Amino acid sequence: MSRRVTHWIGGKPYDGEPGRQGDIYEPATGRLAGAVDLAGQAEVDAAVAAAKQAFPGWRDTSLSRRTAVLFAFRELVARHRDELARLISAEHGKVVPDAAGEVTRGLEVVEFACGIPHLLKGGFSENVSSRVDAYSILQPVGVAAGITPFNFPAMVPMWMFPVAIACGNTFVLKPSEKDPSASVRIAELWAEAGLPDGVFNVLHGDKAAVDGLLHHLDVKAVSFVGSTPIARYIYATAAANGKRVQALGGAKNHMLVLPDADLDLAADAAVSAGFGSAGERCMAISVVVAVDPVGDELTARIRERVARLRIGPGDHPEAEMGPLVTRAHRDKVASYLDGAVAQGATLAVDGRDPEVLGGAGDGFWLGPAVLDHVTPDMDAYKDEIFGPVLSVVRAGSYDAAMELISANPYGNGTAIFTDDGGAARRFQNEVEVGMVGVNVPIPVPMAYYSFGGWKDSLFGDSHAHGMEGVHFYTRTKAVTARWADPSHRGVELGFPAGG
C-alpha cells in the first residue's frame, strides 16, 4: 500500500489510531493502492463535536465574511480542478476529462452559494396591527451531515455543503470509502480559503459511520444520495431520530424517441448519456424507448457509435470510457447480460471482452453493452444496473411509451427526442418524473434550480441545491414586534415635522 487516507476533523487530519481500515483500489489496474480509515463511534463523536463547537461562531459570522470565504474556496477549487480530477480518476476509474467536468458542475453550486446574502433575505410586513410589525428570518439548523456515493466524489458533496455552509451551518461529510481522497483535498482547500476549524469535517467509513450520524442527537439535518433501498433506510432512520432529511435514491431513466426525431441526434445522445462515466451515474440513460417503426434503425445507429468508443485508463489521452469502480461491481453488472438473454432479450453489443487501450491487465473492465428487445418483466429492465448497459424497449405508440415510463417505480430523470413541439409539451406535462429533458438526454438542472426526482427516487420533501437547498438548511423564524412611539417620551430635540 502506498498511502493512508484518514478523516479531517476540526481543521486538520485526524491523529487517532484507526480501529478499522478499508482498501482503496486502482480500477484501471486492479492494484491495491492504499487504505482508508473507517470511523467508529469515537470518530463520529469527534467529528460532530468539532462541528457543534464551531457552529455558534460560524452562525454569527457576517454574510459578507461568509461570502468572502466562499469566493476564495471557489477560486481555489477552480485552480486545483485538474489535480482533483486526477484524484477522482485514479480511485473511481472515470476518464480525467469526465472527472474535470464533475468538478466544474460542482463549482456551479459554489457559485450559487456565493449569492447567499440575497438568498437569505426574509420578508417584512409593516403595521400588521397598530404600530406592530411582523417579519421572518432564515436561520441555520446547526450541524448538517452529508452521505454521498462513489460515482461523483466531488460533485455530489458540492450539491450539499456549499449551500449548508453559506447558510451558517457546520457540516460533516461522509463520502464513499471507495474513492475518499478528493474529499480530503477539498477540506484542505476550505482551510486555505479561511473557513474556521470545525465548520467542514470529513468522516470516512461504512454503515457504522452512517448509523452513528443518523442516531447522533447533535446532527440536525441529513442529506443523502445513493441507491433507493439505502435512501429509504436513511430517511426512515434519520426521521425517527427527529432529523430533517433529504434522501435521493436510485433511477431507471428512460429516453423516449418518437418516429419524427432526428435519429442521428438521438443515437449520439443515447450513447453519450448511457456510457459516460461507464454508466455509473444516477442520471444515465439506461433505457431507450423507441416508438415504432424506428427501433431497428435507431439500434443500428447506436451500435455503430458504440463500436467507435475507446476504452482505457482514466489518464490515457485517447480514452473515452474507463473501468468500473470495483471488481465485484463489474461482475454484478456483467451478470445482467446473460440474465437478459436467458429472459428473451437480444445482445446487440456484448461489452464483456473490450479492447482496452494499453491492455486490460487486471483492471475492472466492462465495455459498453446494448440489450435489444427488452421487456418490462426482465431483471435488466427492473433493476438499477448502474453500469454501461443500455436497454432498448420497443413501443407501439406514444401512449404506450408514456404508460411504460410513468409506471416505472423510479422517477428521477427522463428525456424525449422529437421535432414535434406539441408532443414534447404534452410529455413534460404528463410524465411522472422529476427532471425532464427535451432533446437533452441528461437533464441535470443548473445550480439555481433544484435536483431531485419523484416516487422511489426521492424520500423527503426537499430536492438538492437551488432554493430548495437553501430552505432545507435553514429554519424560518417569525417575529412580531411593537415599539413605543417616540412622541410619548420626554425631551425631543429633533427637527419638528407635521404628520
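Trainee: Patches here are made of residues with over 30% relative accessible area and no salt bridge, joining like charges within 9 Å and nonpolar side chains (Val, Leu, Ile, Met, Phe, Trp, Tyr) within 5 Å. Which residues form the nonpolar one on the surface?

Mentor: Met-446, Tyr-448 and Tyr-449, with about 370 Å² of accessible area together (Shrake-Rupley, 1.4 Å probe, only the protein chains shown as cover for residues). A salt bridge would be a Lys or Arg side-chain nitrogen within 4 Å of an Asp or Glu carboxyl oxygen. Remember that this is a predicted model, where local features need pLDDT of at least 70, side-chain atom pairs need 80 or more, and totals for chains, interfaces and linings use all residues. Numbering runs from 1 along each chain as its sequence is written, and side-chain values use heavy atoms, without hydrogens and water.

Trainee: Where does Tyr-448 lie?

Mentor: In the loop between strands S20 (435-438) and S21 (454-455); strands (E, at least two residues) and helices (H or I, at least four) are DSSP runs numbered from the N terminus. Tyr-448 is exposed at 54% relative accessibility (exposed is over 50%, buried under 20%, partly exposed in between; 1.4 Å probe, protein chains only).

Trainee: Switching to charge: which residues gather in the negative patch?

Mentor: Asp-260, Asp-262, Asp-419 and Asp-420, on the surface. Asp-262 sits in the loop between strand S13 (253-257) and helix H10 (263-275), partly exposed at 41%.

Technical notes
Lys, Arg positive; Asp, Glu negative; His and termini not counted. Charge placed at Lys NZ, Arg CZ, Asp CG, Glu CD.
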